[in-house]
Amino acid sequence: MTEVVTTTLARAVEIATAVRDAGGRALIVGGWVRDRLLGHESPDVDIEVFGIPGERLRTVLETFGRVEAVGESFQVFKLGDIDVSLPRRDSKAGRGHKGFIVVGDPDMSIEEAARRRDFTINAMSWDPLTEEYFDPFHGREDLAQRRLRMVDRHTFPDDSLRVLRAVQFVARFDLEFDEETRALCRTIPLDDLPAERIWGEIEKLLFAPRPSTGFALAMDLGVIASLFPELQALSGCPQEAEWHPEGDVWVHTLQVIDRARTRIDDLPRPQRIAVMFGAVAHDLGKPATTAFSDGRIRSMDHEEQGVAPASTFLDRLNVNSIDGYDVRRQVLGITAQHLKPGSWFKVRDEVGDGAFRRLAHKVDLELLARVAKSDCEGRQPGRFDCAAMDWFLERARAIGADKGPPKPILLGRHLLDLGLAPGPRVGEILKVVYEQQMDGTITNLDEAIEAAKRLL
């Protein structure tokens with residue numbers, strides 16, 4: 001157990017002890033319990049406290065340090081990575097995730113408190129003092145049988161986000177979806193979900209071991225048709241069997257997504273997201289460009305034509321920059337350029353270093369190569385040679401283009417030092433000299449200044 005997890009659990013035991021001494025009982029609930037039974041570590045702990053009113057609970061918690069209260073009608077007390085709350089009663093008062101009246105009730109039974117949860121595997125609780133499990137809806141049995149099942153069919157539809165949670169849970173934990181729950185999910189409208197809530201579940205899906213299982217379930221439940229019509233259009237879009245024996249564009253995309261997932265663990269989070277969305281979006285241009293020509297199925301210019309639907313897709317999730325990294329730009333770049341590694345390999349003796357440096361202005365070549373290789377492998381295993389992508393990445397790394405385009409050697413101040421007056425001519429000369437730098441004919445400042453002098 002990692003140090004962070006050990007420290008958080010020790011703090012939870014301290015809180016549970018203080019609650020017990022005050023006449024109540026503290027249980028760890030939700031995902032932490034599920035993850036514990038699966039043998040996974042989770043640093044985030046949620047505690048429900050029974051038998052103590054809210055104000056008294058806050059007084060108990062303040063003995064551990066600063067307490068941050070979150071929520072208006074119903075408060076959650078935050079102590080670092082630990083959230084502490086009373087059992088709650090939810091009353092549906094309107095559409096959307098905010099359409100609830102939530103009231104804390106310390107006198108609820110453990111079973112009543114668990115009934116408001118979404119799935120049985122999330123409705124278990126654990127006493128950190130006695131190490132006793134409480135499982136009124138047989139979540140441990142469902143977990144052992146790898147089954148995802150709702151707790152209460154009457155309250156389950158109250159929050160439409162639960163449909164998306166089902167999608168990512170199935171993929172993350174390799175679960176079979178209960179048929180009754182599946183049927184109910186198909187009837188739940190999703191038009192009340194804001195982009196940020198959808199994105200929260202989609203990100204978890206992207207990082208699942210096999211995201212394709214969740215995407216396939218989303219298609220089956222109508223989630224794709226409802227939320228992502230750009231992806232829905234991939235289903236049934238034919239491909240030339242010689243190059244895509246696996247089936248239509250949707251089937252191919254699912255395979256590419258899974259291959260991409262194997263290539264991201266060494267990347268920071270924003271770059272991981274860019275690769276995964278690049279895999280999802282790379283063929284979005286095919287539905288609009290696919291046609292029969294000379295007896296074959298072709299999708300001419302589908303890369304560039306995919307940029308518009310990829311933009312719309314990202315808009316639906318409000319994906320732009322993440323942690324200061326322009327994920328949107330990279331996804332659109334990958335979509336527009338994903339065939340470059342393969343096409344350049346065919347004429348590799350004619351492709352100069354300048355082409356790589358110029359392409360690096362449009363997209364991160366490291367990420368592009370990872371998606372392109374996933375695209376190549378997302379077909380019949382072993383049938384196609386994907387060496388082109390390895391060549392592409394080796395060439396990019398050899399000249400440093402995998403780290404981005406080169407920084408200009410010649411700057412405006414150098415031209416001013418040569419006596420050129422400020423104005424448009426400065427930019428024109430800088431552009432010409434930079435083009436020579438990209439081609440490799442200029443490698444240092446002296447060469448750049450000499451080139452500028454010639455232009456002057």
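Analyst: One term before we start: two residues are in contact when they have heavy atoms within 4.5 Å of each other. Also, keep in mind that this is a predicted model.

User: Thanks! Then what is Leu-365 in contact with, leaving aside its neighbours within four places in sequence?
Analyst: Its contacts are Phe-356, Leu-359, Ala-360, Phe-392, Leu-393, Ala-396, Ala-401 and Asp-402. Leu-365 is also among the residues with the most contacts inside the largest nonpolar core, along with Ile-47, Leu-231 and Phe-277.

User: How many residues does that largest core have?
Analyst: It has 111 residues. Helix H6, residues 161-173, gives the most to this core, with 9 residues. Another core, of 11 residues, lies apart from it and includes Ile-429 and Val-433.

User: Back to Asp-402: is it buried or exposed?
Analyst: Asp-402 counts as buried, because its relative accessibility is 10% and the cut-off for buried is under 20%.

User: And where is Asp-402 found?
Analyst: In the loop between helix H21 (387-398) and helix H22 (412-417). Not counting residues up to four places away in sequence, Asp-402 touches Asp-364, Leu-365, Glu-366, Ala-396 and Arg-397.

User: Switching to the sheet, what is the order of its strands?
Analyst: It's an open sheet of 7 strands in the order E3-E4-E5-E2-E1-E8-E9, and the pairing is mixed. Strand E3 (68-70) and strand E9 (133-134) are at the edges with a single partner strand each, so one side of each has no neighbour in the sheet.

User: How do E2 and E5 run, parallel or antiparallel?
Analyst: Parallel, with 4 bridges joining them. Asp-46 stands opposite Asp-83 in E5.

User: And how many bridges are there between E4 and E5?
Analyst: There are 3, and that pairing is antiparallel. Phe-77 has Val-84 in E5 as its bridge partner. E4 and E5 form a hairpin with 2 residues between them, and Gly-80 in the turn has a positive phi of about 65°.

User: What about E8 and E9, which way do they run?
Analyst: They run antiparallel, joined by 2 bridges. Ser-125 is opposite Phe-134 in E9.

User: Last one: which strands does helix H2 lie across?
Analyst: Helix H2 (residues 31-38) lies across E1, E2, E8 and E9, at about 65° to E1. Helix H3 (residues 54-61) lies across E2, E3, E4 and E5, running at about 5° to E4.

Note on methods
Residues numbered from 1 in each chain as written. Predicted model: local features only at pLDDT ≥ 70, side-chain atom pairs only at ≥ 80, totals over all residues. Heavy atoms only, no water. Pairing = 2+ DSSP bridges. Axes fitted to C-alpha atoms, helices over the stretch in contact; angles between N-to-C directions. Core = buried A, V, L, I, M, F, W, Y, C linked by side-chain atoms within 4.5 Å. Buried < 20%, exposed > 50% of the residue type's maximum accessible area, 1.4 Å probe, protein only.
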